[in-house]
Amino acid sequence: AGTTFSTDADIANTDKPELYQTERNRLAMTYTVPCPNGLYSVSLHYAEIWRRAFDYASRVFDVFIQGELIARDLDVFEKAGGRGNAAFIDITENVEVDNGFLAIDFLGVNQHAKISAIEVRQV
């Protein structure tokens, strides 16, 4: 679900620009990842690639992992150093899965929430 957007612009702060040159966005979206029960590290990869959001607070959203708020009012542009087309990674350690699924929810506060890539590793 959601809309996709892409760019061929160079992405700063990364040696893997292809991860950040696309995004999926929507006002609210959920990713449910099948995982064996255990502890996980979750890395959420972002870069603000939509030119209309190349300003502070132009796109703000909340992120939940396993129902727990892990980022309130996330502004990717700000977190990437006030630059468009710059990568930012938010890592959450020791996420517990006890039902066979890892749930990641994004909820737009101002404009749509967005994500470029999700990385899940068992610890």
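Start at strand β5, residues 60-65, and strand β8, residues 101-110. Six bridges join them, and they run antiparallel. Two strands pair if DSSP finds at least two bridges between them.

Before I go on: this is a predicted model, where local features need pLDDT of at least 70, side-chain atom pairs count only at pLDDT 80 or more, and totals for chains, interfaces and linings use all residues. Residues are numbered from 1 along each chain as its sequence is written, and side-chain values use heavy atoms, with hydrogens and water left out.

Back to β5. What is its other partner here? Strand β6, residues 68-74, joined to β5 by four bridges. That pair runs antiparallel too. Look at Phe 61. In β6, the bridge partner of Phe 61 is Leu 74.

Is β5 mostly covered or mostly open? Mostly covered: five of its six residues are buried. Buried means under 20% relative accessible area, exposed means over 50%, and partly exposed is in between, using a 1.4 Å probe and protein chains only.

Now Leu 74, in strand β6. Leu 74 has a relative accessible area of 4%, so it counts as buried. What does Leu 74 touch, leaving aside neighbours within four places in sequence? Tyr 46, Arg 59, Val 60, Phe 61, Val 63, Lys 79 and Phe 88. Contact here means heavy atoms within 4.5 Å.

Two pairs to set side by side. Leu 74 and Asn 37 are 37 residues apart in sequence, and their C-alpha atoms are 28 Å apart. Asn 110 and Asp 73 are also 37 residues apart in sequence, but 8.7 Å apart in space, C-alpha to C-alpha.

Stay with Asn 110 for a moment. It is in strand β8. Its relative accessible area is 34%, so Asn 110 is partly exposed. Beyond the neighbours within four places in sequence, Asn 110 contacts Ala 57, Ser 58, Arg 59 and Val 60.

Next, backbone angles. Most residues other than glycine have a negative phi. Which way does Gln 66 go, positive or negative? Positive, with phi near 55 degrees. Gln 66 is in the loop between β5 and β6. The hairpin of those two strands has two residues between them. Gln 66 is at 30% relative accessibility, so it counts as partly exposed.

Asn 85 also has a positive phi, near 55 degrees. Asn 85 is in the loop between α1, residues 76-79, and β7, residues 87-97. Is Asn 85 buried or exposed? Buried, because its relative accessible area is 14%. Its contacts, leaving aside neighbours within four places in sequence, are Thr 7, Ala 9, Asp 10, Ile 11, Ala 12, Glu 48, Ile 49 and Phe 54.

One more loop residue: Trp 50. Find it between β4, residues 38-47, and β5. Trp 50 has a relative accessible area of 22%, so it is partly exposed. Not counting residues up to four places away in sequence, Trp 50 touches Phe 5, Arg 59 and Gln 111. Tyr 31 is 19 residues from Trp 50 in sequence and 21 Å away, C-alpha to C-alpha.

Now zoom out. How many helices and strands are there? One helix and 10 strands. Along the sequence the pattern reads β-β-β-β-β-β-α-β-β-β-β.

Overall dimensions. The C-alpha trace spans about 40 × 30 × 25 Å along its principal axes. The radius of gyration is 14 Å, which agrees with the value near 14 Å for a compact globule of 123 residues. That radius is taken over C-alpha atoms, and the globule rule is 2.2 Å times the number of residues to the power 0.38.

Contacts and cover, last. Of the 123 residues, 40% count as buried. Take the contacts between residues at least 6 apart in sequence: 75% of them join residues at least 24 apart. That's the tour.
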